[in-house]
Amino acid sequence: MVLTQLGQIAMMTTDLAFIGRIGTEAVAAAALGARVYLVSITFCMGLMAAIAPLGAQAFGANNLTVVRCLLRMGLWAALLLSLPTMAFSLRGEQILIALGQAPDAARLAERYLFGLAWGVGPAMGFLAIRSFSPR
């Protein structure tokens, strides 16, 4: 857990160092975009959290047919959840303007969100598969 946390901090620091070279407006836009992304991805993560206890129960009962079914349904859920989340991220400029942010920052944030949006599906798929890994 410590190594995971250190890895995330290292990635955020690297991102900030690269974005900071562009300018302060880019850092502000990345922060705004990250908040929009965080809200949507956290919602999806909460829904995907239901897979782990169901999988553990089926595995404990030695019912591998149900485990396989849960994994398949978890991957389908990941795909179906990722589509509206991607759409939400791709509309970042309109969302931020509606929340009262400056149009220039909102436009830059949408460009940042455009890159993040394509990682939602793989991230949700990873969460579904991770629910079945031994801890």
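Contact here means heavy atoms within 4.5 Å. By that criterion, the buried residues of helix α3 pack against α2 (24–48), α4 (64–90) and α7 (120–130). The structure is a predicted model. Its largest nonpolar core has 20 residues, and its largest pocket holds about 1,200 Å³ of space.

**Helix α3**

- Helix α3 spans residues 51–60, and its buried residues are I51, G55 and A58.
- Viewed down the axis of α3, these buried residues fall within an arc of 65°, so they line one face of the helix.
- An α-helix has 3.6 residues a turn, so residues three or four places apart point the same way.
- Q57 and G60 are exposed on the other side of α3.
- After α3 comes N62, which has a positive phi, near 55°.

**Nonpolar core**

- Within the largest nonpolar core, M48, L96, V120 and M124 are the residues with the most contacts.
- Two or more residues of this core come from each of α2, α4, α6 (103–117) and α7.
- The most is given by α2, which supplies 7 residues to the core.
- Leaving aside residues up to four places away in sequence, L96 touches L32, V36, Q101, A106 and A109.

**Aromatic pair**

- The structure holds 1 aromatic pair.
- It is formed by F114 and W118, whose ring centres are 5.8 Å apart and whose planes lie at 80°, so the pair is edge-to-face.
- The cut-off for that class is an angle over 60 degrees between the planes.
- F114 has a relative accessible area of 47% and is therefore partly exposed, since that class lies between the 20% limit for buried and the 50% limit for exposed.

**Largest pocket**

- The largest pocket is lined by 27 residues, and those closest to its centre are Q8, M11, M12, Y37 and L38.
- Helices α1 (2–22), α2, α6 and α7 each supply at least two residues of this lining.
- The most comes from α1, with 10 residues of the lining.

Technical notes: Residues are numbered from 1 along each chain as its sequence is written. This is a predicted model: local features need pLDDT of at least 70, side-chain atom pairs count only at pLDDT 80 or more; totals for chains, interfaces and linings use all residues. Side-chain values use heavy atoms; hydrogens and water are left out. Buried means under 20% relative accessible area, exposed over 50%, partly exposed in between (1.4 Å probe, protein chains only). Helices (H or I, at least four residues) and strands (E, at least two) are DSSP runs, numbered from the N terminus. The arc is that of the directions from the helix axis to the C-beta atoms. A nonpolar core is a set of buried Ala, Val, Leu, Ile, Met, Phe, Trp, Tyr and Cys residues joined through side-chain atoms within 4.5 Å. Rings of Phe, Tyr and Trp (its six-membered ring) pair if their centres lie within 6.5 Å; planes under 30 degrees apart count as stacked, over 60 as edge-to-face and the rest as tilted. On a 1 Å grid over the protein atoms alone, a cavity is a set of points where a 1.4 Å probe fits but cannot get out, and a pocket is an open set with protein on both sides within 12 Å along at least five of seven lines; lining residues have an atom within 4 Å of a point. Grid points are joined across faces, edges and corners, and a volume is the space filled by probe spheres set on the points.
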